[in-house]
Amino acid sequence: MSGSSTDPPGDAPREPTGDPADEPMRDRTAAVKNRLDRVEDPELARSIVALDYIDAIEIDGDRVEVRFTLPTAWCSPAFAWMMATDARDEVESLDWVEESRIELCDHMHGAEITAGVNARDTFGATFPDADGDVAAVRASIADKARVSTQREAITALLDAGVDPEQVVALDRSDVEVAGDEAHVALDGLSVVVDAEPIADYLDRVEASGHVGAPDDTLFLTPEGDPIPADRLDVVQKRSRLASVNMGGQGAVCDALHRARHGPDGPDGTGASYVDRSEGDLSAYDGDVDEFTSAWTAGVDD
């Protein structure tokens, strides 16, 4: 095979030749990487490309092989399975790919997952003793991501001067994302805020199935119910737990990933892939319940 985007450990990086004949291979490698960028670590809601999980992309004609490594050898088999199957499906969505092979490296169940995913077996067939299925895990993770991103979207609106009564009354049709701006319709007026937190939330809430129709209520409690205006602050506190949970998991994964690759990280930059811009990680005080659950605070807390 040829055309690796990331060389295996020990190999010297391939220098660009500048030969026009290499251009199709570079284009195809970039196309595969762009597809893999759509695959997320379900625990962190971050791309496996951004997280530096991809070890190699190798292309031989219409056949593509992808090798990836997770931060720990004992990462949840269900999560690893989800990433492997999503990677396979994304790569095979390219019209020139006839066959793909996904290999999970250095994992306690790497051989089983690699064999099962490439044989198109189900998770249940590969792990007959598993408690539950991947579909239920996907739904749970999608809902946690919905709650976590909702907090950021609501905060952006409150900071822009939208009051709690207006926030909880918003329908899907009241919000439109255009480029770098999100336009929110309020009683004949339009409030403009940064698109990123709004667009991120819209992606998550629509993927979770909670919002689909134009007249669906946009912001919901973790249970999926409308939010009373006088309880918005409580829902925001509950949503913060989901952010802390995912941020805490990210910090653990970041530390383990660095332990494997060295203090400079897998790309040599020394940059962390954990986002500390909102301060959620520094707010974690070691409370086990807060770290492990996004749902511990009740509506009366």
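This is a predicted model: local features need pLDDT of at least 70, side-chain atom pairs count only at pLDDT 80 or more; totals for chains, interfaces and linings use all residues.
By a nonpolar core I mean a set of buried Ala, Val, Leu, Ile, Met, Phe, Trp, Tyr and Cys residues joined through side-chain atoms within 4.5 Å, where buried stands for under 20% relative accessible area, exposed for over 50%, and partly exposed for what lies in between, with a 1.4 Å probe and protein chains only.

Helices (H or I, at least four residues) and strands (E, at least two) are DSSP runs, numbered from the N terminus.

Residues are numbered from 1 along each chain as its sequence is written, and side-chain values use heavy atoms, with hydrogens and water left out.

Which residues does Leu-36 touch, not counting those up to four places away in sequence? They are Ser-47, Ile-48, Val-49, Ile-54, Ile-57, Val-66, Ala-87 and Val-91, a contact being heavy atoms within 4.5 Å. In soluble globular proteins, nonpolar side chains tend to be buried together.

Ala-182 takes us to strand E7 (residues 181-186), whose covered face holds Ala-182, Val-184 and Leu-186, and whose uncovered face holds Glu-181, His-183 and Ala-185. In a regular strand the side chains alternate between the two faces of the sheet.

E7 runs antiparallel to strand E6 (residues 175-178), joined to it by 4 bridges, and also pairs in the antiparallel sense with strand E8 (residues 189-194), over 6 bridges; pairing requires that DSSP finds at least two bridges between two strands. Ala-182 stands opposite Val-177, and its bridge partner in E8 is Val-193. The hairpin of E6 and E7 has 2 residues between the strands, with Gly-179 in the turn at a positive phi of about 65 degrees, and in the hairpin of E7 and E8, also with 2 residues between the strands, Asp-187 takes a positive phi near 50 degrees.

Finally, the whole protein chain has 10 helices and 8 strands, and buried residues make up 43% of its 301 residues.
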